[in-house]
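Me: I have a model open and want to go through it with you. Can you start with the terms, then take my questions as they come?

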Amino acid sequence: MSSKILCQWKCFSVEEQEHVLPNNKQVTFTSIKHPGAVVIIPINNQGHLVLVNQYRPAIKQWILEFPAGTLESDEDIFLCAKRELAEETNLKAESWQSLGELLPIPSFCDEIQHLFVATDLSPTIGQLDDDEIIEVVTLSVTELEQKIATNEIKDNKTLSAFLKARLAGLL
């Protein structure tokens, strides 16, 4: 299979590839190559969820979401989760539980999001990326569900991670 990079930006690329489908048809397919990401559900000692209200330039809006971030080159997934939690919330966690993975847009992107629940939280010092504007928000599970019901929370990774944690009996 041949592959051609059409565009490269930071750690992402747009690539065109020749691909043979399961029905043996050969097609040219364009996709986004992504290094992967982490999504963290921090739960404080009161059982409340820690989220971030973050300005997202791509949609020109603030969105309420769980802390998350992109893996750096060859970065360990768990270390990335710890780094992102500290960077975005100034918190660290003593206890971590994996919730599995999400495929956010498999129709044209190979990104895998690795989900974690973080508990036994304590303060630490983190450093936001230059392009991040974030406010830390703490909500009860009921408050979060109300914001989902009223469409105040519409971030796909946050909704999916919340559902997985709820079904696992962690919330």
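Reply: Two strands pair if DSSP finds at least two bridges between them. Helices (H or I, at least four residues) and strands (E, at least two) are DSSP runs, numbered from the N terminus. This is a predicted model, in which local features need pLDDT of at least 70, side-chain atom pairs count only at pLDDT 80 or more, and totals for chains, interfaces and linings use all residues. Residues are numbered from 1 along each chain as its sequence is written, and side-chain values use heavy atoms, with hydrogens and water left out.

Me: Fine. In strand 2, what is the bridge partner of Ile 5?

Reply: Glu 15 is the bridge partner of Ile 5 in strand 2. Strand 1 and strand 2 (residues 12–20) run antiparallel and are joined by 6 bridges.

Me: And what order do the strands of that sheet have?

Reply: The order is 1-2-3, in an open sheet of 3 strands with antiparallel pairing. Strand 1 (3–9) and strand 3 (26–33) are the edge strands, each pairing on one side only. On average, neighbouring strands of this sheet are turned by 20 degrees against each other, direction ignored. For such angles, axes are lines fitted to C-alpha atoms, for helices over the stretch in contact, and angles run from 0 to 180 degrees between N-to-C directions.

Me: What about the sheet of 4 strands, what order there?

Reply: That open sheet has the order 7-4-9-8, and its pairing is mixed. Its edge strands are strand 7 (68–70) and strand 8 (91–102), each pairing on one side only. Strand 8 runs antiparallel to strand 9 (residues 113–123), with 10 bridges joining them.

Me: What stands opposite Trp 96?

Reply: Ala 118 in strand 9.

Me: Step back a bit. How many helices and strands does the protein come to?

Reply: There are 3 helices and 10 strands. Along the sequence the pattern reads β-β-β-β-β-β-β-α-β-β-β-α-α. The C-alpha atoms fill a box of roughly 55 × 30 × 30 Å along the principal axes. Of the 171 residues, 37% count as buried, where buried means under 20% relative accessible area, exposed over 50%, and partly exposed in between (1.4 Å probe, protein chains only).

Me: Which residues of helix 3 are buried?

Reply: Lys 157, Thr 158, Ala 161, Phe 162 and Ala 165. They cover an arc of only 125 degrees around the axis, so they sit on the same side of helix 3; the arc is that of the directions from the helix axis to the C-beta atoms. Just after helix 3, Gly 169 takes a positive phi of about 80 degrees.

Me: Cysteines next. How many disulfides?

Reply: The count is 0, a disulfide being a pair of cysteine sulfur atoms within 2.5 Å.

Me: Last one. What feature does UniProt place at residues 33–163?

Reply: The UniProt record, an unreviewed entry, gives "domain: Nudix hydrolase" there. UniProt positions are given in the numbering used here, feature names are shortened, and annotations may be inferred rather than shown by experiment. In the model, that span is 23% helix and 40% strand, and its end C-alpha atoms lie 26 Å apart.
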